Amino acid sequence: MRSSGPYSDASWKYGRMALNIEDYALISDCHSGAMVGRNGSIDWLCLPRYDSASLFGALLGNEDHGRWLVRPADLDATCEREYIGDTFILKTTWTTETGVAEVIDFMPHGDGRADLVRLVRGVSGSVEMTQDLRIRFSYASTVPWVRQLQDEPVNGLIAVAGPDAIVVRGPHLRPSDHRHTSDFTVSDGDRVDIQMTWYPSHRPTPSATDVDKAFEQTEEWWNKWAKACSHEGPYYSDVIRSMLVLRALTHETTGGIVAAATTSLPESFGGNRNWDYRYVWLRDASLALEVLLSHGYENEAEQWRLWLLRAIAGDPNDVQIMYGLAGERYLPERVLPSLPGYRDSTPVRVGNAAVAQFQSDVIGEVMVALHAARVAGVEETQFSWPLQRALMAFLEQNWHRPDQGLWEMRGPAREFTHSRVMVWAAFDRAVRGITEFGLEGPLKRWEAMRDRVRRDIEDRGFSVSRNSYTQFFGSEQVDASLLVLPQVGYCEPDDPRMLGTVAAIEEDLLRDGLLMRYITHASVDGLPPGEHPFLACSYWLVEQYATSGRMDDAKKLMDRLAELPNDVGLLSEEYDVHSGHQAGNTPQAFSHLALVRAVDAIVAGSQSPTQSVAK
């Protein structure tokens, strides 16, 4: 993990450009989340859900696109920050020449509201603080009408625009050119509470939050949830924080798990690989479910399964690869002209065109996850198994179709080897549902289909000249997704064909010790080339090393990866090895769940009586 030592925000003190991606920390109430910068500015917040329109959008522009700054007035102040215990309550300690102050940021959990609290405390000496509030509803396209709060004994203001409204209570805020500011001083023992609540503009203004009660309940809930995690061994703090990220990205009411808290953070700085990840991918959510199950969270698994059954209910021909948090199907991709992009990386996108793609692997991921739930003791219902049978009937008719693959290629549809392996996994788990759990189904037909798909993979998805499975049938290229083959039981990690594949992946895709997804060519993914190592892929390589006996290599790579989370343990999607900065949307569920799997593999491998480190 990166150092949590003193940090000076001299380069970004004026807020005219977004911070480095790793300089943001997430706070969450399990409905939405705010990205808090190390300069004291909340630069991204969508309420009441992760996929709602932003009211603070400076992350994808500058301060005039919406932000909420609370920090010392001294621009040379330094800070250290940390989460309080195993929570998403963020404490930032500011040091100035005159004193020390703390800012504690959190979103109260369990109150049924969309609240955010910024609690300022004097630690020693005296510190002059400043607050700068710039509200920009609807992705910075709307400046609200603002009025002072009336009929209450506290200072506050109300901002309204269309369907959205917020009320802010705390130090008196002065209007100035579409922003509101305040200055106040805290000395040793002083405390200033600032709180904001979003609400639908047609409803009455919500009452103030009981900050002490909200803090106590939120701290207790997060710590209790983390304590239930069944993990012992190395990289403990990394695993717990990753599990907490997965919980924070799980919508508490609906059970949907978003892929990340942000949209349009670039995979390549200045490029156009900018996507909206604030939705529920069946693939990502299924993998997250398996990780939650493996660490004792059966209740979360049951909640997610209920979400899944609601979302995909209907004609199997209409199954999508992704949905909204409540199972919404209409997620058209559009470009927002109101936001200039993270450091001018355009376009800024909302929605995702991949929603219309055919990706056969997602049915495999869903079937693998639901089988894992059965193994963990989650019982089938009268509805759940018939729905799985309907999915398998659809797959029987469509398994051979070319698709866009795991990486949602925007180039031509192809017969991707990973996709075909996940088709095999779907039939395998359907068969095992019958043979291991006594469920009803066409056993002989599904066994025959499973065998037929395997023959197809072995005949057309393996290159004899490279001694490797390939990215897609007929190619000589490899893809990091091939590391998933042993994870789903298609082959053993030390199978000669798998070892040959690993060697080819190391040869083609390792960049400065980290793993690329694939070699980017427009002919393959339909986009201009160029991206950074994809963090989940490097964790997959750790898992492969550990399960195939290369424990020294697994630990060496894991130690390298352990340096990449930011100072509060968060991972984005990719990592720029040249600049040393995170890239892509953050925090990324895929990265964190892959981290947990990698550590689990190391723990299991270390407990094995014999280990070989030979390649």
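R466 is partly exposed in this predicted model, with a relative accessible area of 23%. The cut-off for a buried residue is under 20% relative accessible area, so R466 does not count as buried. Its partner in a salt bridge is D508, and the closest N and O atoms of the pair are 2.6 Å apart. D508 lies in helix 10, whereas R466 sits in the loop between strand 21 (462-463) and strand 22. The pair therefore ties together parts that are 42 residues apart in sequence.

D508 itself is buried, at a relative accessible area of 16%. Its side chain makes a polar contact with the side chain of R466, at 2.6 Å. Leaving aside residues up to four places away in sequence, D508 touches R466, V478 and I519.

The helix that holds D508 was examined next. Helix 10 covers residues 496-509, a run of 14 residues. At 1.5 Å a residue, helix 10 should span 20 Å. Its end C-alpha atoms are 20 Å apart, which agrees. At the start of helix 10, a side-chain oxygen of D495 reaches to within 2.8 Å of the backbone nitrogen of R497. Buried residues of helix 10 include M498, G500, T501, V502 and A504. I505, E506, D508 and L509 are buried as well. Several elements contribute to their cover, including strand 22 (468-469), strand 23 (510-511) and strand 24 (514-515). Helix 12 (535-547) is also among the covering elements.

Side chains of opposite charge can pair when their charged atoms come close. The count comes to 44 salt bridges. One of them joins E328 to R49, with the closest N and O atoms 3.2 Å apart. E328 lies in the loop between strand 18 (322-323) and strand 19 (334-335), and R49 in the loop between strand 4 (41-46) and strand 5 (54-56), so the pair ties together parts that are 279 residues apart in sequence. E328 counts as partly exposed, at 30% relative accessibility.

R174 and D183 form another salt bridge, with an N to O distance of 3.0 Å. R174 is partly exposed, with a relative accessible area of 36%. D183 also counts as partly exposed, at 42% relative accessibility.

Technical notes:
Residues numbered from 1 in each chain as written. Predicted model: local features only at pLDDT ≥ 70, side-chain atom pairs only at ≥ 80, totals over all residues. Heavy atoms only, no water. Helix = DSSP H or I, 4+ residues; strand = E, 2+ residues; numbered from the N terminus. Expected span 1.5 Å × (residues − 1). Buried < 20%, exposed > 50% of the residue type's maximum accessible area, 1.4 Å probe, protein only. Contact = heavy atoms within 4.5 Å. Polar contact = N/O pair within 3.5 Å; in protein donor to acceptor, adjacent residues only side chain to side chain. Salt bridge = Lys/Arg side-chain N within 4 Å of Asp/Glu carboxyl O.
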